[in-house]
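Please have the sequence and the structure in view while reading.

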Amino acid sequence: MHEAVPRSFEDVPHALLHKRVRDVASGVEGELMAVVREDVSDTAAREHWVQLAYVRGPSGREISTAVANIQAV
């Protein structure tokens, strides 16, 4: 049986926070809601941290993408 492992994350300041942005990977445009540094490790023995941007599109749904994919519009 697989047990859920709580994920660690922390907020990261970003110049485009709450501004209109485009995710170049998906083409989605919307508001940058958050940038977080998140532990995406598959084991506790070896941490792997990434920075993710959360963009709220026109439908109201949020998508996550790499921070490098974010551009101001």
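## Strand pairing and core

In this predicted model, strand β4 pairs with strand β5 (residues 62–66) in the antiparallel sense, and 5 bridges connect the two. On its other pairing, β4 (residues 49–56) runs antiparallel to strand β3 (residues 29–39), to which 8 bridges join it. The two pairings are set out below.

| Strand pair | Sense | Bridges | Opposite residues |
|---|---|---|---|
| β3 and β4 | antiparallel | 8 bridges | L32 and V55 |
| β4 and β5 | antiparallel | 5 bridges | V55 and I63 |

I63, a residue of strand β5, has a relative accessibility of 25% and so counts as partly exposed, since the buried class lies under 20% and the exposed class over 50%. Beyond its neighbours within four places in sequence, I63 is in contact with D23, S26, V28, A53, Y54 and V55. The C-alpha atoms of I63 and A53 are separated by 8.1 Å, with the two residues 10 apart along the chain.

The largest nonpolar core comprises 9 residues, namely V12, L16, V21, L32, V35, A53, V55, V67 and I70. To this core β3 and β4 each supply at least two residues. One of its members, V12, makes contact with V35, V36, R37 and Q51 when neighbours within four places in sequence are left aside.

Key
Residues numbered from 1 in each chain as written. Predicted model: local features only at pLDDT ≥ 70, side-chain atom pairs only at ≥ 80, totals over all residues. Heavy atoms only, no water. Pairing = 2+ DSSP bridges. Helix = DSSP H or I, 4+ residues; strand = E, 2+ residues; numbered from the N terminus. Buried < 20%, exposed > 50% of the residue type's maximum accessible area, 1.4 Å probe, protein only. Contact = heavy atoms within 4.5 Å. Core = buried A, V, L, I, M, F, W, Y, C linked by side-chain atoms within 4.5 Å.
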